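Good morning, and thank you for coming.

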Amino acid sequence: MLQEVEKIVQPQFRESKNKAGKTPQSLFIENHETLRKEGEDWMRTTADSCSLVAALIATVTFTAAFTVPGGNEDKGTPIFQRKAVFVIFAIADAFSLFSSSIAMLMFLSILTSRYAQEDFLRSLPRKLLIGLSALFLSIAFIMVAFALTFFIVFKGGVPSISIPIIVALLAAVPVAGFAFGQFPLLMTSIA
Amino acid sequence: MQDQALKLVGKLWGEMTKMNYQEISRFFGSPAQLLFAATEIGNIEFIAILIGSYPDLIWKVNEDGISIFHIAISNRQVEVFNLIYEIGAIKDLLATYENKEGNNMLHLAAAEPPPVSLDQISGAALQMQRELMWYKVIITYVNLEFYELIERHLK
């Protein structure tokens, strides 16, 4: 019943014209064209710089997989491959590469999307959300990997214990900085 | 400080509601400026006090022929909109009001937003998202009101 009524009634309200002869829909498109354009520019610049950062991280983590801390033996296997810390380093490095690739793809798909008004409702903010989260994760993992190399290569003696710890603490600073800097943006794209 | 001010409003309003309908109408003036100004800036506490004890006020229209509902819509005052919605008085007729240019609720939601309404949102893209969401909310609301109206008539 309601569907039947819907067919009759809904168009009347949604397509009712004001005195200038405009429907709400056409009025919306007209009035939001500037905002849409601004939104497009904003999205492009954000995606541009973020994809650059993601690409840099991907490059670094890719290289790190082959030039591992401590170097390789003659046959190519890493010297420290039996150390637990080294395994965690390898995993963190791989995760960083994966999530920076995800971020890169997301930002690329933002750059190549068509920026219709409807896209700003769900698809673009969702891509931005995934991209920023992935980028954050990759930065966090690259810091973990970096700090772990110090635990791998320093051994014995007093400074060897303190140096890795200091490095680990310092590595947490940029991660926290990124989190605080981008968190508000992240929250608004979730809401 | 604000609590005290609200208490004062409550007390004064309590006294005023003892007057009869004509007197109250005269106080508000034919455009009920007080109410409309509060709606524009989104002073929900004030509106809650006034409408809570005197629900008839939601029927007031301004010089442009639109209700506080409409004003909340065109000023993107989400909280005021929700508040009036929750009061649950008969609102279906309000949805049919149009202003002098023939704009209904949807037209108002489609109009250009007041600049302050987007200030808290960073990034033009997310501002655009907010505008689209608002428009969808009003579409849903408008349809809902119509269904209820029709359902009631079909019974």
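B:R76 is partly exposed, since 18 other C-beta atoms lie within 10 Å; the term covers residues between buried, with 20 or more other C-beta atoms within 10 Å, and exposed, with 12 or fewer, the C-beta atoms being placed from the backbone. This is a predicted model, in which local features need pLDDT of at least 70 and side-chain atom pairs count only at pLDDT 80 or more, while totals for chains, interfaces and linings use all residues. Residues are numbered from 1 along each chain as its sequence is written, and chains are lettered from A and ligands numbered from 1 in the order in which they are written.

B:R76 sits in the loop between α5 (68-74) and α6 (78-87) of chain B. Its phi is positive, about 55°, although B:R76 is not a glycine. Most residues other than glycine have a negative phi. In chain A, A:Y115 also has a positive phi, near 55°. A:Y115 is placed in the loop between α4 (84-111) and α5 (123-153) of chain A, and with 18 C-beta neighbours inside 10 Å it counts as partly exposed.

I turn to chain B as a whole. Chain B has 8 helices and 0 strands; helices (H or I, at least four residues) and strands (E, at least two) are DSSP runs, numbered from the N terminus. Of the 155 residues in chain B, 30% are buried. Where do the 15 residues of α1(B) lie, in the open or buried? The number buried is 0, so α1(B) lies largely in the open. Helix α1 (residues 2-16) of chain B should span 21 Å at 1.5 Å a residue, a figure that agrees with its end C-alpha atoms, 21 Å apart; the expected span is 1.5 Å times one less than the number of residues.

Next, the interface. In all, 28 residues of chain B are in contact with 30 residues of chain A, contact meaning that C-beta atoms, placed from the backbone, lie within 7 Å. On the side of chain B that touches chain A, α7 (105-110) and α8 (124-154) of chain B each supply at least two residues. α8(B) gives the most, with 16 residues.

Finally, confidence. Over residues 5-9 of chain A, the pLDDT is below 50. Where pLDDT is low, the predicted coordinates should not be read in detail.

Notes
pLDDT = per-residue confidence, 0-100. Contact = placed C-beta atoms within 7 Å.
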